Structures are given as structure tokens and as C-alpha cells.
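Me: I would like to go through this model with you. Could you take my questions one at a time?
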Amino acid sequence: MAQYNLLLLPGDGIGPEVMGQVERIIAWLNKQGGNTFTTETDLVGGCAYDAHGQAISDATIDKALAADAVILGAVGGPKWDGIGYDVRPEAGLLRLRKDLQLFANLRPAVCFDALADASSLKRELVEGLDIMIVRELTGGVYFGEPRGITDLGNGQRRGVNTQVYDTFEIERVARVAFDLARKRGNRVTSVEKRNVMESGLLWNEDVTALHSRDYSDVTLDHMLADNCGMQLVRTPKQFDVLVTDNLFGDMLSDVAAMLTGSLGMLPSASLGEADRDGKRKALYEPVHGSAPDIAGQGLANPIATILSFGMALRYSFDMGAQADMIDQAIENVLTSGKRTADIMQDGMTAVSTTEMGDAILSELDALTS
Ligand code: IPM
Ligand code: MG
């Protein structure tokens, strides 16, 4: 049996509340007699800025580099709206992604049966939906230079960001997508804007070349990003694995998330390159943000963060059976009609963040008894 070390970074807004429920799941797992987890908790985002003027400290980055996996809640809020990009809450998250070289962001959009009617689309369009979005996470316009706002001296200012991709960045994230597709529906859709952007053309050509070199057994399609947004809300089930750049991936994953009923349901995994022992640096976080409007009221849905921990079990610790059990427990709780506010429907029972945690834990007990 192994012991793993997790760094918990609850962050801002609802982050600490949803992380609180993950800690209960970890404590439950530790009693099951398999692998165990030790945890350490630290600051990221606005709370880190308040504590030491930086959205993440060097010491926290060192802990993240040393941990077996990082679990993050959410960062940001209106309180920090006025401060510079280099110290904003989001900068803490971006630095974590960059310093840990987490270039592949996996965002599964899976529709739980019990929630098919909570989607803004018709049940038949989303029932059984299972898409995996692979978003490039350490390049593109999020990090490209030059960037900034300059004063043109004539009463005008200019805002600049740079979309830039090198072949190795495109290839390594495409490999992750092709490898995942082989374990699923064996189809990849590569998404860019080659009709207007050179970086999109390069993306398209590099993915195509890699496909014919190493992955010709996988079905590959290409789609323009705007069309992809439209197709996602028209016939979402046409997709298996989507691979796309940092910015398009940010947008398309929010769209895909909403198909499943609520942003409060979607987990993500951010992975680095495998080392010689096959171990990857990894960070797991919900796709939703810090939701400052409902923070501290016990209204937040902890499921996305719990599912993110489930992805950690799957991708970092080879504990797929335990991850399946967590998925099953959540499915059972939803089927029983318990709902946090974001997924509330007529005739269902409204529960708080902690009550949702209670319900998932008692399902876990039931599944193991
Ligand atoms: C996400 C978020 C982040 C992003 C923000 C908080 C920096 O929207 O993870 O999707 O844009 O990547
Ligand atoms: Mg986003």
C-alpha cells in the first residue's frame, strides 16, 4: 500500500466550502485499508494576495512541485478586480500551470442521467453525453509575448496579446488526445481557426502530420472553432475527444459544461509530461469558478471538486475502482433526488454543500458495506 501526499489549495469564494467536502472523502478513503493520503493546505489566489501580496508564493510553488498531486478549489472575486495582472488571483493559477508544465487539460463533459432534464438542451440531445475536451494549457494567447497595454500618446491606447504555438507544444497535447481516444470512442476532432490564423494553420498541419505518422488507427476530423461552438449546442453527441488551444478550450469547455446541466458538475485534470517512471505532475480542479455571489452560504455544489479528486485517483494513483465508486455514489445521490441550488428541479430535495457531502459519504458507505 502506498502513501501519497496531496497539496490542497482551496483558494477563494466557494473554494474552501467545496474543498471541505473533498477532505471528508479523503478521510473516508483513508479508512478503507488501501492507499492512503496525507494532505497539506495552502493559499492561492486572492487570499494569497491578501496574505503576502502575491497570488501564489514561491514556497507554495515548491510544495506543489513536491506533491504527488495538487487539488485546487477556485480563485478570484470582485474584491481583487482593480489589481495588476501579475498579482491577480488568476495569476496564481496560471503560474501553477506554467511552473508545473501542465500542458494538457482534460475536461470531461459527461451528462449524469438524473440531470438530463436540467440541461438547457432537450434530454435526447444530452442523454448519455460523454465528451472529453483536451485543452492546451501552457501556451497560446494566455502566455504569448509581447503582451500589454501601451499608451500611443494621442489619447489612444493599444492592448496586445500574442497567439503563438510551436510544433512541440501542438504535438504533445495532440498525443494526449489521441492516446485518450484509443481508450474511448477512437475519434479526435482538432479545433482551430486556420481560415484566419497562421497559428491555426500550423496547429492543423502538425496534428495531421502526427496523426499519419503515429495514430492513423484513430479517426481524425478538423473543425473551425466557431463551427465547433455551434455543433456543441446542435448535436453534442457527435464528439468523442476534442483537442484545441488554450483560449478556444477555455470557451468550448464552458459551453460543453452547460450541456451537462450545470457548471457545478464538471471536473478537470491538468497533466504534465510523464517522467521515466510514467509519473506526471498533476493538478485537479473544478471547471467552475469561485462564485463569490454565493460564497459562504452553504449553497455551492461540491460535486465538480469531488469528481476532480476522482480524476486524481484515476490519472495519478491508478485507483480507477475507487474513482468509479465515487462516480456511482454521486449518480445514486442524484437519482435519489438530492440537489444543490444550481441543479435544483421541481419535486427534488434541496440540500446544502455539507448535506451533499453527507449524502455522498453515506452512499459510499452503502456501496462498501
Ligand atoms: C478556467 C478559468 C481560468 C482560465 C481563469 C480563472 C484564469 O476560466 O480554468 O477555465 O481562463 O483558464
Ligand atoms: Mg474558463
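Me: Which element gives the largest share of the lining of the largest cavity?
Reply: Helix 7 does, with 3 residues. This is a predicted model, in which local features need pLDDT of at least 70 and side-chain atom pairs count only at pLDDT 80 or more, while totals for chains, interfaces and linings use all residues. Residues are numbered from 1 along each chain as its sequence is written. Helices (H or I, at least four residues) and strands (E, at least two) are DSSP runs, numbered from the N terminus.

Me: How many cavities of 30 Å³ or more does a search of the whole structure find?
Reply: The search finds 1. A cavity here is a set of points on a 1 Å grid over the protein atoms alone where a 1.4 Å probe fits but cannot get out, and lining residues have an atom within 4 Å of a point.

Me: What volume does the largest cavity have, and which residues line it?
Reply: Its volume is about 50 Å³, taken as the space filled by probe spheres set on the points, with grid points joined across faces, edges and corners. The lining includes Gln-163, Tyr-165, Trp-203, Asp-245 and Phe-248. Strand 8 (187-192) and helix 7 (198-214) are the elements that give two or more residues to this lining.

Me: What is the lining like by class?
Reply: The lining has 5 nonpolar, 3 polar and 3 charged residues. Ala, Val, Leu, Ile, Met, Phe, Trp, Tyr, Cys and Pro count as nonpolar, Asp, Glu, Lys and Arg as charged, and the others, Gly among them, as polar.

Me: Turning to helix packing, at what angle do helix 10 and helix 11 pack?
Reply: Helix 10 (residues 303-315) and helix 11 (residues 320-335) pack at about 160 degrees, with their axes 7 Å apart. Axes are lines fitted to C-alpha atoms, for helices over the stretch in contact, and angles run from 0 to 180 degrees between N-to-C directions. Helix 10 and helix 11 are therefore roughly antiparallel; angles under 35 degrees count as roughly parallel, over 145 as roughly antiparallel, 65 to 115 as roughly perpendicular and the rest as oblique.

Me: Which residues meet there?
Reply: Among them are Ile-306, Phe-309 and Leu-313 in helix 10, and Ala-323, Ile-326 and Ile-330 in helix 11; contact means heavy atoms within 4.5 Å. By class, the residues of this contact divide into 9 nonpolar, 3 polar and 3 charged.

Me: And how do helix 1 and helix 10 cross?
Reply: The axes of helix 1 (residues 15-30) and helix 10 come within 8 Å and cross at roughly 40 degrees, which makes helix 1 oblique to helix 10. Val-18, Gln-21, Val-22, Ile-25, Ile-26 and Leu-29 in helix 1 meet Thr-305, Ile-306, Phe-309 and Leu-313 in helix 10. This contact has 8 nonpolar, 2 polar and no charged residues.

Me: A change of topic: which residues does a cis peptide bond join?
Reply: Glu-145 and Pro-146 are joined by a cis peptide bond, with omega about 0 degrees. Pro-146 lies in the loop between strand 5 (130-136) and strand 6 (148-151).

Me: Where is Ala-291 found, and what is its phi?
Reply: Ala-291 is in the loop between strand 12 (282-286) and helix 10. Its phi is near 40 degrees, a positive value in a residue other than glycine. Most residues other than glycine have a negative phi, and most peptide bonds are trans.

Terms used
Chains are lettered from A and ligands numbered from 1 in the order in which they are written. Side-chain values use heavy atoms; hydrogens and water are left out. On a 1 Å grid over the protein atoms alone, a cavity is a set of points where a 1.4 Å probe fits but cannot get out, and a pocket is an open set with protein on both sides within 12 Å along at least five of seven lines; lining residues have an atom within 4 Å of a point.
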